[in-house]
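Welcome! Try each task by yourself before you read its solution.

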Amino acid sequence: MPKIKVLPHAEICPHGAEFEAESGISVCENLLNQKIDLEHACELSCACTTCHVIFTEGFNSLNDSSDDEEDLLDKAWGLEPRSRLSCQTLVEDTDLEIQIPKYTINMVSENHPKPAKNSIKVISSKDFDITNSAASHLTEMIKANNSFGVRISLKDSGCSGFAYQLDLIDDKDENDFAGLVNGVNLFIHDKSFVFLKGTKLDFIKKNLNQELVFLNPNVSAECGCGESFNFDNELVKDLSKN
Ligand code: FES
């Protein structure tokens with residue numbers, strides 16, 4: 001019987017594991033059978049990436065990946081050359097060693113520490129939308145920098161009040177709102193969220209220029225140069241304190 005060795009993962013398998021695996025079923029099913037609670041948000045149907053693992057041994061013995069798996073893997077957090085979706089990899093007769101990535105793109109999954117139920121801060125596209133062109137631009141930036149996602153906040157700026165700040169991040173801030181929007185792992189500073197609700201982020205190319213543009217319905221006034229803006233909302237006082 002082939003063996004599967006799982007390297008330690010702080011939350012899912014703190015001490016690592018090694019067990020005799022069942023051939024003919026997926027690596028993901030094998031882990032779940034051993035009560036190693038790997039995420040599998042789409043129930044093993046190759047539609048989510050949350051079962052992403054890295055094969056540190058035995059990668060070349062695996063069955064070929066499908067086009068669907070390849071497309072999805074592009075969106076997985078912490079992609080490595082020997083990454084696969086474990087629900088799509090069959091155990092055959094070779095021993096395998098796997099590493100479970102620190103995170104998945106599913107920020108509110110069962111396997112990650114959650115805020116208290118009444119304070120879950122999840123972003124959907126209704127709260128903050130990202131157009132296809134902006135999503136491809138951000139995805140390229142995230143990949144090129146091997147980052148975890150994008151964080152958006154408001155900062156004091158210029159004559160009129162505030163400006164947008166967009167950072168690539170390597171880790172999440174537990175206070176941020178978080179979500180997967182149009183394939184982008186998105187985080188929004190908690191106190192900025194109310195001022196960004198309903199915003200659409202677009203990426204516009206015009207002649208030689210290209211820029212990310214925030215279409216924010218909450219803005220009440222802009223300075224003449226368009227660099228800064230303000231809001232007609234008394235919570236603005238709290239925002240300025242950050
Ligand atoms: S469980 Fe969703 S892709 Fe494997």
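This is a predicted model: local features need pLDDT of at least 70, side-chain atom pairs count only at pLDDT 80 or more; totals for chains, interfaces and linings use all residues.

**Exercise 1. Find the bridge partner of Lys5 in β5, and say whether β1 and β5 pair in the parallel or antiparallel sense.**

Solution. 
- Step 1: Lys5 has Glu97 as its bridge partner in β5.
- Step 2: strand β1 (residues 3-6) pairs with β5 over three bridges, and the sense is parallel.

**Exercise 2. Work out the strand order of the five-stranded open sheet, and explain why β2 and β4 each have a side without a neighbour.**

Solution. 
- Step 1: read across the sheet in the order β2-β1-β5-β3-β4. The pairing is mixed.
- Step 2: look at the edges, where β2 (17-20) and β4 (83-85) each have a single partner strand, so one side of each has no neighbour in the sheet.
- Step 3: follow the twist, which averages 30 degrees from one strand to the next.

**Exercise 3. Describe the largest nonpolar core and the surroundings of Ile123.**

Solution. 
- Step 1: the largest nonpolar core holds 23 residues, and Ile123, Val150, Val181, Leu186 and Ile188 have the most contacts inside it.
- Step 2: ask which elements give two or more residues to this core; among them are α3 (132-144), β7 (149-157) and β10 (184-188).
- Step 3: setting aside neighbours within four places in sequence, the contacts of Ile123 include Phe128, Phe177, Val181, Leu186 and Ile188.
- Step 4: turn to a second, separate core of 18 residues, which includes Val6, Ile54, Phe55 and Ile100.

**Exercise 4. Sum up the chain as a whole: how is it divided, and how many helices and strands does it have?**

Solution. 
- Step 1: the chain is divided into domain 1 (3-99) and domain 2 (117-240). Their C-alpha centres lie 34 Å apart.
- Step 2: the chain has five helices and 14 strands.
- Step 3: its C-alpha atoms fill a box of roughly 70 × 45 × 25 Å along the principal axes.
- Step 4: of the 242 residues in the chain, 31% are buried.

Notes
Residues are numbered from 1 along each chain as its sequence is written. Domain bounds come from an automatic or database domain assignment. A nonpolar core is a set of buried Ala, Val, Leu, Ile, Met, Phe, Trp, Tyr and Cys residues joined through C-beta atoms within 7 Å. A residue is buried if 20 or more other C-beta atoms lie within 10 Å of its own, exposed if 12 or fewer, and partly exposed in between; C-beta atoms are placed from the backbone. Helices (H or I, at least four residues) and strands (E, at least two) are DSSP runs, numbered from the N terminus. Two residues are in contact if their C-beta atoms, placed from the backbone, lie within 7 Å. Two strands pair if DSSP finds at least two bridges between them. Axes are lines fitted to C-alpha atoms, for helices over the stretch in contact, and angles run from 0 to 180 degrees between N-to-C directions.
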